[in-house]
There are 2 protein chains.
Amino acid sequence: MALIVQKYGGTSVGSPERIKNVAKRVARWKSQGHDVVVVVSAMSGETNRLIALAKDIQSQPDARELDVMVSTGEQVTIALLSMALLEIGVPARSYTGGQVRILTDNAHTKARILSIDEHNMRADLKAGRVVVVAGFQGIDEAGNITTLGRGGSDTTGVALAAALNADECQIYTDVDGVYTTDPRIVPEARRLKTITFEEMLEMASLGSKVLQIRSVEFAGKYKVRLRVLSSFEDEGEGTLITFEEDKDMEKAVISGIAFNRDEAKITVLGVPDRPGIAYQILGPVGEANIDVDMIVQNVGHDGLTDFSFTVHRNDYQKTLKVLQPVLEHTKARGVQSGDKIAKVSVVGVGMRSHAGIASTMFRTLAEEGINIEMISTSEIKISVVIDEKYTELAVRVLHKAFGLDQPA
Amino acid sequence: MALIVQKYGGTSVGSPERIKNVAKRVARWKSQGHDVVVVVSAMSGETNRLIALAKDIQSQPDARELDVMVSTGEQVTIALLSMALLEIGVPARSYTGGQVRILTDNAHTKARILSIDEHNMRADLKAGRVVVVAGFQGIDEAGNITTLGRGGSDTTGVALAAALNADECQIYTDVDGVYTTDPRIVPEARRLKTITFEEMLEMASLGSKVLQIRSVEFAGKYKVRLRVLSSFEDEGEGTLITFEEDKDMEKAVISGIAFNRDEAKITVLGVPDRPGIAYQILGPVGEANIDVDMIVQNVGHDGLTDFSFTVHRNDYQKTLKVLQPVLEHTKARGVQSGDKIAKVSVVGVGMRSHAGIASTMFRTLAEEGINIEMISTSEIKISVVIDEKYTELAVRVLHKAFGLDQPA
């Protein structure tokens, strides 16, 4: 008998019919003798509906009140799923974040979990009940309702699994696991049976939108065994996210090809190559609450250097504006920028001990005539920025070049 | 400077536009120097939408989970109204029932308020904020969300006014006060400037659906000054509900004509005229959770009597079924019943000291050829049961007969 935490996203609970299916799945796990805690999101579309309603009233909705409002989405789902379980004879009880007492800081709309009171949940599990918890929400010290921000339901699932010392945290979603790349682009893409946390972090942040990155970090920190599964298939073991590097020497060097078309690149040309220049450029960008992803600076010459970075496309114009005074101040020669770019990455813990990954990647792209505009590397990934129009081509040829279309 | 509790029903907050109008009204009271606590219902239609969703899952929704679900309706409205107030520069903060800590018993879907913690609300009022509270809901000792049942938002308003010792509790609704009778039937019907609690109780229970009877009882018990106003008109002082009988000797003897077409009548014929017979008949009815309204028993003869009562039409068939064994047991001669009836009542504290009200009523009906099937009286009302088809006629001629169409 194990203690399982299951998390179902908005699509999985998007209609009464789907909620009934989730109840049946939970009932199967329960009938196998397991204790089950279920975390659910709002029904798909509901959070957006509520936010739109708020914006009808206030163009920039007050953060505290927005949390009061948006948290009702999950509150409806926990009640419906509990009813669906009771309807098929499975004892169940719902909990809002505040009722569990998922204590967070008071950063409304993007709160962080501080602690979880497991007392009530333990009592219900002991009494044979399924515990149904609203994802994405908590309560601060003063009793205000808070939300964890988009995708926060995954984090709730992992945090509950950590607090309860659960045997596994299962994230049910509309895909049946983590793939070597997006199957819509490469039909030969394969589901990975396991992936390491570090690889998952790179895959998630690079655009394979299976799991929210924060929940993966959380799982790594608390050593929660995490599994991604499909909520629409009854069979399948999904993808297990492991802590340790795979001991299997036969394992492929590269786990997957990630890509991302949400970014824009900005290069500040001819700035003085001296200490502090990176901060002078990125300081104002950070203060404007703009997240920077890739940062590239090459060796300078003649006392000058070029400084490049990427931001989310939504922040592109804002970033250019923020940079205006910086350009004058640093006496930069100018700015080169563009938002028709794609970032493509090869990810794999295996590359740490294998030479030649980078050269294989660069050769493969060159053979297709794809120009590389920026390069950035970490221990387990290599990312390149290329022209957006080559995205699919680059992903396909790299997937093949690293043998990801061959059965592992 | 006064402390005012205002309650707005579902129609008054039925759209973003209407919520903005409520905010403007609240702002006006605030700008006059008053402290304001606002209680709101769910947006019109929302509660029914949620109940329908629950019934898609469970034909008889679990009461605890239904409360979790339905309480989200008001939670959305408090957030929206707070945003609307903030948007026009009025400091405001929302509270769910649980956040105020409106403590109730654990009778889900029909809970009763046990106590109200005024601490948080007082602090906000002192800080110059408008306090926006979700009506209709509370929390039990164990932290479960409860609801007070339909119309419970009025009760929340009155209970908060009592707890805060407010100067006035204003119930905003889609009518601008209590009328001498339904203006749709009698165009000459006039708005009453004041009405006593006792009259209001009779008017409410008799079908003038301005206020929920429970909130009126509550207001009477805690001596809360209660006023009914229109949320759609900026002028008008509505109807004040007073504790004391009007000292004004010029006041009309009768305050209004109420009527009700929701009932069915049942007469048990020829039962033994002996102690305990009323209990033998009505005991099983009460045990079946059927509310009985009028009860009439006349003097018997030959040791037998007839026993009549009315129930809600929805309970009519169920009542006849429940009575079957009773009929055999009491050896009753039979049953006479019908659901095509109306109850028409004249209400007024003034009738206590005025003779002739009953005879005026009966003569007026007789002159129109309207047969009276049952009569029941209390200190401040006389009710008759008549054929349903005469309802409008009876209301009109009684309204005129008691001079209610003349300016007070």
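## An exposed loop residue

A:N289 counts as exposed because it has 8 C-beta neighbours inside 10 Å. A:N289 sits in the loop between α10 (277-287) and β15 (292-297) of chain A. Its phi is positive, about 65 degrees, although A:N289 is not a glycine.

B:D302 is not a glycine, and its phi is positive, near 60 degrees. B:D302 lies in the loop between β15 (292-297) and β16 (304-312) of chain B. It has 7 C-beta neighbours inside 10 Å, so B:D302 counts as exposed.

## About the model

This is a predicted model: local features need pLDDT of at least 70, side-chain atom pairs count only at pLDDT 80 or more, and totals for chains, interfaces and linings use all residues. Residues are numbered from 1 along each chain as its sequence is written, while chains are lettered from A and ligands numbered from 1 in the order in which they are written.

## Chain A overall

Chain A has 13 helices and 20 strands. These are DSSP runs numbered from the N terminus: helices are H or I, at least four residues, and strands are E, at least two. The C-alpha trace of chain A spans about 75 × 55 × 30 Å along its principal axes.

For 408 residues, a compact globule would have a radius of gyration near 22 Å; chain A has 23 Å, which agrees. The radius is taken over C-alpha atoms, and the globule rule is 2.2 Å times the number of residues to the power 0.38. Of the 408 residues in chain A, 47% are buried. Among contacts in chain A with a separation of 6 or more, 75% join residues 24 or more positions apart. A contact means that two C-beta atoms, placed from the backbone, lie within 7 Å.

## Helices α2 and α3 of chain A

Helix α2 (residues 46-57) of chain A packs on helix α3 (residues 63-70) of chain A at an angle of about 140 degrees, with axes 10 Å apart. That makes α2(A) oblique to α3(A). Angles under 35 degrees are roughly parallel, over 145 roughly antiparallel, 65 to 115 roughly perpendicular, and the rest oblique. On the α2(A) side, A:T47, A:L50, A:I51 and A:A54 meet A:L66, A:M69 and A:V70 of α3(A). This contact has six nonpolar residues, one polar and no charged.

How many of the eight residues of α3(A) are buried? Seven are, so α3(A) is mostly covered. The buried residues of α3(A) pack against α2, α4 and β8 (145-147) of chain A, together with α4 and β3 (92-95) of chain B.

## Where chains A and B meet

The contact takes 28 residues from chain A and 27 residues from chain B. On the chain A side, α1 (16-31), α2, α3 and α4 (72-87) each supply at least two residues. Helix α4(A) gives the most, with eleven residues.

The axes of α4(A) and helix α4 (residues 72-87) of chain B come within 10 Å and cross at roughly 180 degrees. The two helices, α4(A) and α4(B), are therefore roughly antiparallel. Here A:T72, A:Q75 and A:V76 meet B:T72, B:Q75 and B:V76.

Technical notes. Axes are lines fitted to C-alpha atoms, for helices over the stretch in contact, and angles run from 0 to 180 degrees between N-to-C directions. Ala, Val, Leu, Ile, Met, Phe, Trp, Tyr, Cys and Pro count as nonpolar, Asp, Glu, Lys and Arg as charged, and the others, Gly among them, as polar. A residue is buried if 20 or more other C-beta atoms lie within 10 Å of its own, exposed if 12 or fewer, and partly exposed in between; C-beta atoms are placed from the backbone.
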